[in-house]
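Have the picture open as you read.

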Amino acid sequence: MDKEVGRSPWIDRGLLAALVIAATAVSIAATGFRFGVNNNVFHIPYVLDYASLPQFRDDPVYRSLDKFVSLAWPAVRLVSTEGNVRAVFLTGLFLGRLAVFAALFGFFRLNGLPGRWAMGTALAVVAATPWLTQLSVVGGHGLFIGYFTHSELSWGPLLGALVAVQHRRLGLAGLLCGITFCLNFFVGLWLLAAIALPVLASVRDWPVPAFLARLGPIAPIRPAAVGRALLIFLATASPVIVWVASTLVETRGARPFDYAGYLRLYFPDHSLIDAAPGTELLEFALILAAYGLAALLSRTPRFWMLVLAGWALLFVVGAAGPYLVDSKLLFNLNAIRSVGFVQFVGFALVVLAAVRTIADDGPPLWQRLAACLVLAELVHPDRQVHQLLTVDVLLAAMLLYRRHATGLSAPLLAAGYGALVILILAVQFSAAATWSPTVLLRLVLLAALGGCVLRGWRSPALALIAGLALFNVATLVKWRKDGVAQRLAVEAPFERMTDWVRRSTLAGPFLVPVDEPHRDLFDNFQLKALRPVWVDWKQGAVVMWEPGFYPRWSTRYAAVESLGDADQFLAYAAANDIPYVVLPEDIGDCGAARTLYRDGGYAICAPAIAAPARR
């Protein structure tokens, strides 16, 4: 559609590489970058070897981090210092996101997306849609997130492995599956579950059920090819297989406990389906429908539906397992988090179907207008459930009537398209009470988009969709900047307090609040202050790789969570020989205890104790 005669293939490759890099930069602009948040409270101490510092010599949390299985962090550790670690994490985020967009480029190109305009539009929508940022709607699995973590690194090889299987490059698929396993072993297992059915259905002369053999989505595969791919996978994944096995052997002596109860106490969203609100389950059902409809609109529907079937079986096991068996190994697979796979791949399929409908010659005019509305819904800045419902209805109509000629004239189609645009904007923005000039700009862009499609101007139409995507990113950047200003104002006193502790001679441990209003801030205290804490909520994650830590963490966490006012905190500290207590002003002040620090709504108190508590 947009090839230029005589252009050097090297120039074309350079332009496409620049397109992937630009989409990566746009995506990072949409999500932003934060350092030292969430699971970084474990990543940073590991890569900087905080366990070797004198104050953490007896700290079981930092000493356990060598049991956390991912080859990403030993690699990052080789190049990280106290002075460059933030830059290393930002570089890692960029390279991981770049690998994802390179894989998306291969996914779109090998699934029939024509030309540079179509490719640029598809990548722009992926970079801009909030449905592919932050966490999955169920299970809380990371998609495109704003901090560096090994989970996001796995998206590139994961998607690459799926595309490799789709095109019968099983050796490459085995390598990419092994890399995924090395980055995040339970994600690697999820990936194997996803590709098992399409591979088994396509192997020549294997004793599989007849109905499965009839579903073979790709050309027949020789069993030897599967064997070679499996050997490549095992060779690539062997370091982590050995690491996981050694960790299981080292921790097998831990006392058994109610693991489902632990998950409910620490982070039920990751593993327990009953922790998901009804609205999230509805969103998941609609995303599942969008995946299925888009897969059926693709050129290889059987392949993507078998992939979905494999994940569905995995999800059922993960959803039912915690209520049927008490297996730490099963629970640690976090199988309900595989919803993130359905969401990520599903929306990639939706973008593929919609952009190809606009770019190809065959689809009727009304389908191109419907595809425009699908993409417009994906690049609204909010996640709203009616967007998913609209996408599903439009995709279902495109599927059911894709070979059905309509007798509607262009004026009638234009009127219907305009009415739907106004209705969609009214629902989206009036409910959020955010009517503003940006709504008018969005209306103008959507009207121009419809006009381009009606006139048959496909390249300008694709450019307008990319413009809508960039407009969405600009909105997200503005929202984030406004939020950052408010967050920094709230966090500034906490930063001053932790910096004072870091520069002081106080050895710790420190008693800090763990109740929900305070825990997100105080989970970073140990990392920022570089001093041990008695307990915090985030330490509960250690139980997953060091189950022997559970009795200590659960006992301390339950006790500290029950503390209400300053007197109770000080009394608990005195009873447990904890030398220092950090009190936000909404809990209270030091009272009769010695005040070591007081500023910005925080006080650090020294209760009278016999001897500092041992960690």
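Strands β1 and β2 run parallel to each other and pair over two bridges. Here strands (E, at least two residues) and helices (H or I, at least four) are DSSP runs, numbered from the N terminus, and two strands pair if DSSP finds at least two bridges between them. Across this pairing, Leu511 sits opposite Val581 in β2. Helix α27 (residues 566-575) packs on the sheet and touches β1, β2 and β4; contact means heavy atoms within 4.5 Å.

A quick word on the source: this is a predicted model, where local features need pLDDT of at least 70, side-chain atom pairs count only at pLDDT 80 or more, and totals for chains, interfaces and linings use all residues. Residues are numbered from 1 along each chain as its sequence is written, and side-chain values use heavy atoms, leaving out hydrogens and water.

Now the whole sheet: it is open, with four strands in the order β1-β2-β4-β3 and mixed pairing. At the edges are β1 (510-511) and β3, each pairing on one side only.

| Partner of β4 | Sense | Bridges |
|---|---|---|
| β2 (residues 580-584) | antiparallel | four bridges |
| β3 (residues 594-599) | antiparallel | five bridges |

In β4, Ala603 is the bridge partner of Leu583, while Ile604 has Tyr597 opposite. β3 and β4 make a hairpin with two residues between them, and Gly600 in that turn has a positive phi of about 60°.

Technical notes: Axes fitted to C-alpha atoms, helices over the stretch in contact; angles between N-to-C directions.
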